[in-house]
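Open your viewer and follow along, one selection at a time. We will look at one chain from end to end and then at where it meets its partner.

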Amino acid sequence: MPEIIEGVSPTRMELLRLSRREKLAEKGHDLLREKRDALIAEFLDVVNEVKEARKDVEANLKEAFDFLIIAQARLGVEQVRQLSLMTSREIELAFSSRGIMGVHVPIMELENELVRKVTERGYGFLESSAAVDRSAKRFEEALGKIIKLAELEEAVRNLAVEVEKTKRRVNALEYIMIPSLKATRKYIRMRLEEMERENFTRLKKIKAMLERRER
Amino acid sequence: MIAVIGDPETAMGFRLAGVKDVYEYEHGLEEEGEVARMLDKLAKEEFAIIIINERFAAKAKNRDKIREINAKKRGVIPIIVEVPDKKGPMAKEIDEIGWLIKRAVGVAVK
């Protein structure tokens, strides 16, 4: 049994106010329900994208590690480590965000090309080998994909939070707010009817008293 | 803007790709709580993306730290991404995405 809103006076004025509120709540409920459904659809889409992206990253990294191990076998672990220390550079990311129904989803833009030419990596040809180049290239590709994956995973997390919030609001309206408004309205109507009946009997009684006095 | 926490191979690989901020740890040889402290530090230094090996992320202390960072952050950064190491992807005992789906939709969707 839904709770009656406390402190309302059983008047016609209040009854009118309540039915206006109820209409508003129902409108809000419909809108939020639509929002929730749209969010869930979007969420599931992004979830699929994340799964794809993750698989892609995993495959790419696996290749990269395979080449790295070959490179290590050819040149020795220490030599590859030395080479890897020579290749550092600035990786700049530009941030922006996109809104999906009020949810901020990050977009990251690389300001420079991730995959470099062999000559751009900074180590010499003599001390390196083709396997090092291949491995570096795969890792550069993987890095790009990881950035994309980061974007998507963040989107999924934010969307999930928003879906939950919207669901909670829909439920609050559906199961608490609207029923309690309905119950209060019913209570006031019944009180008004009751008062009407009281008045009716009171009038009857007075009429009877007046008639008795006249006789 | 991008930082990597990983085992020696992962570290080497991402260094080859040109990432500057690479922190290398050996499994089992790192000091107690060292990786978690590093995560904290990187988050405070406002790195945009922190790439960490799944095997490191799966350790209880680091897992808690990642949750804490995710719960505390106000903007979009840092984003922590877990990647497999040379042994390939781990079977995850906690499937984050699956858990999110369950919470958002109410049922597990495959």
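Select chain A and show its contacts: among those between residues at least 6 apart in sequence, 86% join residues at least 24 apart. Two residues are in contact if their C-beta atoms, placed from the backbone, lie within 7 Å.

Before going on, note that this is a predicted model, where local features need pLDDT of at least 70, side-chain atom pairs count only at pLDDT 80 or more, and totals for chains, interfaces and linings use all residues. Residues are numbered from 1 along each chain as its sequence is written, while chains are lettered from A and ligands numbered from 1 in the order in which they are written.

Now switch to cartoon. Chain A has three helices and two strands, in the order α-α-β-β-α from the N terminus. Helices (H or I, at least four residues) and strands (E, at least two) are DSSP runs, numbered from the N terminus. Chain A is more spread out than a compact globule, because its radius of gyration is 35 Å, well over the 17 Å that the globule rule gives for 215 residues. That radius is taken over C-alpha atoms, and the rule is 2.2 Å times the number of residues to the power 0.38.

Next, select the contact with chain B, made of 42 residues from chain A and 30 residues from chain B. On the chain A side, H1 (12–75), H2 (77–84), S1 (93–100), S2 (103–110) and H3 (130–214) each supply at least two residues. Which element gives the most? Highlight H3(A), with 16 residues.
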